[in-house]
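Work through the exercises below with the sequence and the 3D view open. Try each task before reading its solution.

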Amino acid sequence: MATNDNTANSAYFQVVTLYDEADTKRLAEKLAAMALEGSVWLSGDLGAGKTTLTRYWLQALGHQGAIKSPTYTLVEPYQIKQKDGTFLAVYHADLYRLQDPEELSFIGFDEYLDEPSALIIIEWASRADSYLPPPVLFVDMVKDDKNKDSRQVLLRLSKVGQAFGFDLTALND
């Protein structure tokens, strides 16, 4: 995994190259260590690795069981027991099949967004960007045309993420 931290605002923007699945797992572990809360928007073409990154992220947060893709259910909820005995609420959403952003209100998606300290990881958030509040982090995954296993990942904290005090320089370690 290679991180480009040559930008002036590396605390808010990072470009990471993932050469294989082990790199994806390492990135997920670093994201888990950031203790993000709020929503994170994952974007990228089909097969770019969004679900794989999310699976490793959930495991790094401590989830022990099966991890189902929310492609047909829209949302998969997780209550992950933490070392201190509390539970971390994580919601993995995949909005690829969403026909209308208003569908989110019918399934009670607002409750996930309003839950204090919850992490909501949203694939294909652009399908409902007019409905959703701004995320704390944007993650854009791009497949490498020359190497099918390689991905370039652009991570950008939003103004909301910056206001929360999140910092992407931890990804450089």
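**Exercise 1.** Is H92 buried or exposed?

*Solution.* The model is predicted, so local features are taken only at pLDDT of at least 70 and side-chain atom pairs only at pLDDT 80 or more, while totals for chains, interfaces and linings use all residues. Residues are numbered from 1 along each chain as its sequence is written, and side-chain values use heavy atoms, with hydrogens and water left out.

Step 1. H92 has a relative accessible area of 1%, so H92 is buried.

Step 2. Helices (H or I, at least four residues) and strands (E, at least two) are DSSP runs, numbered from the N terminus.

**Exercise 2.** Which residues does H92 touch, and with which side chain does the side chain of H92 make a polar contact?

*Solution.* Step 1. A contact means heavy atoms within 4.5 Å. Leaving out residues up to four places away in sequence, H92 touches T51, T54, K68, P70, L74, V75, E76, Y78, I121 and E123.

Step 1. A polar contact is a pair of N or O atoms within 3.5 Å; within protein, one must be able to donate a hydrogen and the other to accept it, and residues adjacent in sequence count only if both atoms are side-chain atoms. The side chain of H92 makes one with the side chain of E123, at 2.6 Å.

Step 2. Take T54, one of the residues that H92 touches. T54 is in helix α2 and is buried, because its relative accessible area is 0%. Beyond four places in sequence, T54 touches L42, H92, I121 and E123.

**Exercise 3.** Which residues of α2 are buried, and what covers them?

*Solution.* Step 1. The buried residues in α2 are K50, L53, T54, Y56, W57 and L58.

Step 1. Their cover includes α1, β3, β4, β5, β6 (119-123) and β7 (137-143).

Step 2. An α-helix has 3.6 residues a turn, so residues three or four places apart point the same way.

**Exercise 4.** Which way do the residues of β6 point, and in what sense does β6 pair with β3 and β5?

*Solution.* Step 1. L119, I121 and E123 point one way from β6, whereas I120 and I122 point the other way, and all are buried. In a regular strand the side chains alternate between the two faces of the sheet.

Step 1. Two strands pair if DSSP finds at least two bridges between them. β3 and β6 are parallel, with five bridges; here L42 has E123 in β6 as its bridge partner.

Step 2. β5 and β6 also run parallel, joined by five bridges, and V90 has L119 in β6 as its bridge partner.

**Exercise 5.** What value is phi of A35 near, and what value is phi of L74 near?

*Solution.* Step 1. Most residues other than glycine have a negative phi, and most peptide bonds are trans.

Step 1. Phi of A35 is near 55°, a positive value in a residue other than glycine. A35 sits in the loop between α1 and β3 (38-44) and counts as exposed, because its relative accessibility is 53%.

Step 2. Phi of L74 is near 75°, again positive in a residue other than glycine. L74 sits in the loop between α2 and β4 (75-81), but L74 counts as buried, because its relative accessibility is 11%.

**Exercise 6.** How many residues line the largest pocket, and which element gives the most to the lining?

*Solution.* Step 1. On a 1 Å grid over the protein atoms alone, a pocket is an open set of points with protein on both sides within 12 Å along at least five of seven lines; lining residues have an atom within 4 Å of a point.

Step 1. The largest pocket has 19 lining residues, and G47, A48, G49, K50 and T52 lie nearest its centre. Two or more residues of this lining come from each of α1 (21-33) and α2 (50-60).

Step 2. α2 gives the most, with three residues.

Key:
Buried means under 20% relative accessible area, exposed over 50%, partly exposed in between (1.4 Å probe, protein chains only). On a 1 Å grid over the protein atoms alone, a cavity is a set of points where a 1.4 Å probe fits but cannot get out, and a pocket is an open set with protein on both sides within 12 Å along at least five of seven lines; lining residues have an atom within 4 Å of a point.
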